[in-house]
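The sequence and the structure are shown first.

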Amino acid sequence: MSACSLLVAGGRWRCFPVPLRSSLFQVLHNSCCRKKSTAPKKIIPNAAICDENTKEPGNALDKLFSSEQQASILHVLNTASNKELETFRLLRGRKSVNIIEHREKFGPFQNLESLMNVPLFQYKTTIQICNSILCPETGGKKRKFQDNRLLRRLIKPEIERRRLKAVNSIVSIVFGTRRIAWAHVDRKLAVLDWQQNECCQLMKGTYLSSVYLQEISSIISKMPKADFYVLEKIGLSIQNSSRFPVVLHFHIMEAMLYALLNTTFAQDGQHRVLSMNRNGVGKHFELMIGDTRTSGKELVKQFLSESVLKEEPRVVFPTEKIVYYRQMFSSTEQQRAEELYDSLLQAVAFYELAVFDTEP
């Protein structure tokens, strides 16, 4: 082996003299170096636009900003009134109220880490808020364009922002093959009503329109007036022929609900029925595994618990109905009543994504 060396080539061992071996290794080394030098440099994303699912401890925030920047941010958060805080887009709605209440209860914020103790302040959102305070105008148009694009992907048909900002209550509707559920929620994320109805007869027989009309009309008659009626948009593919009966059922349900809801509740010629992307809601609550959405049961269960245990819960359930809703939830835990859970999650996501975080 002193005069030759073994080298794998084309799946076989070959023997080369030592000088030739050295030349081969030099060529391979130079080739690797060239590839490495000509490869595009990986761009490390700014912390302010980190992945939506990123979870970081609060003290990581202080490392992202200089001491001068931290002082500027804390000065605004500790001295601004509620009206002044709402001039920052990301602080509109409940977030500005939470800052004021937290300030009054615990005193001024001492560092950026303490912001993570404010309800609705998650890691990514807090970074964006800090950046918007430092640069209230920089990148504003670009951010607005991104918000418009994301909103168009999330909600159909396109709706004027002023109408979204004026929303006082919505009815969030989710339907499946066996049941339909709806949640009536106001802009304070207080649950005004929450129901589900069994619809086991709709997919039997020949999809009679009269059966759909009678069943859905009965359900709509129980719904209250609201600014918008938000339907879950699933978007199943019809390429798989085995899914055709289910896809047909969903299309009939959607068409019936659009027609009957607009006929019943439309005012001034303006439509009041919107479709909301199911996966968009799933991403907001971190319920997506790849392209598959997991159950929201545990999250809704958490909301119910927080409504009793926390002074400022994310979702507010009326005191007089909390026992009833908890019993309703417990009775459905073994039934996979995903429509019931999803109707509430969709309502919360609608406010947090489309109402509170939009430009006027």
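In this predicted model, helix α13 contributes three residues to the lining of the second largest pocket, the most of any element. The pocket holds about 490 Å³ of space. Its lining comprises 20 residues, and those closest to the centre are Gly 176, Phe 250, Arg 278, Glu 338 and Glu 339. Two or more lining residues come from each of β4 (169-175), α9 (244-265) and α13 (338-355). The table below divides the lining by residue class.

| Class of lining residue | Number of residues |
|---|---|
| Nonpolar | six residues |
| Polar | five residues |

Attention now turns to the largest nonpolar core. This core has 43 residues, and Trp 194, Phe 285, Phe 317 and Phe 350 have the most contacts inside it. Elements giving two or more residues to the core include β5 (179-186), β6 (191-198), α11 (297-309) and α12 (322-332). Helix α13 supplies the largest share of the core, eleven residues. Beyond its neighbours up to four places away in sequence, Phe 317 touches Val 191, Trp 194, Phe 303, Leu 304, Ser 307, Ile 322, Tyr 325 and Leu 344.

Is Ile 129 buried or exposed? Ile 129 has a relative accessible area of 1%, and it counts as buried because this value is under 20%. Leaving aside residues up to four places away in sequence, Ile 129 touches Leu 90, Leu 91, Lys 95 and Phe 121. Ile 129 and Phe 88 are 41 residues apart along the chain, and their C-alpha atoms are separated by 8.0 Å.

Note on methods
Residues are numbered from 1 along each chain as its sequence is written. This is a predicted model: local features need pLDDT of at least 70, side-chain atom pairs count only at pLDDT 80 or more; totals for chains, interfaces and linings use all residues. Side-chain values use heavy atoms; hydrogens and water are left out. On a 1 Å grid over the protein atoms alone, a cavity is a set of points where a 1.4 Å probe fits but cannot get out, and a pocket is an open set with protein on both sides within 12 Å along at least five of seven lines; lining residues have an atom within 4 Å of a point. Grid points are joined across faces, edges and corners, and a volume is the space filled by probe spheres set on the points. Helices (H or I, at least four residues) and strands (E, at least two) are DSSP runs, numbered from the N terminus. Ala, Val, Leu, Ile, Met, Phe, Trp, Tyr, Cys and Pro count as nonpolar, Asp, Glu, Lys and Arg as charged, and the others, Gly among them, as polar. Buried means under 20% relative accessible area, exposed over 50%, partly exposed in between (1.4 Å probe, protein chains only). Contact means heavy atoms within 4.5 Å. A nonpolar core is a set of buried Ala, Val, Leu, Ile, Met, Phe, Trp, Tyr and Cys residues joined through side-chain atoms within 4.5 Å.
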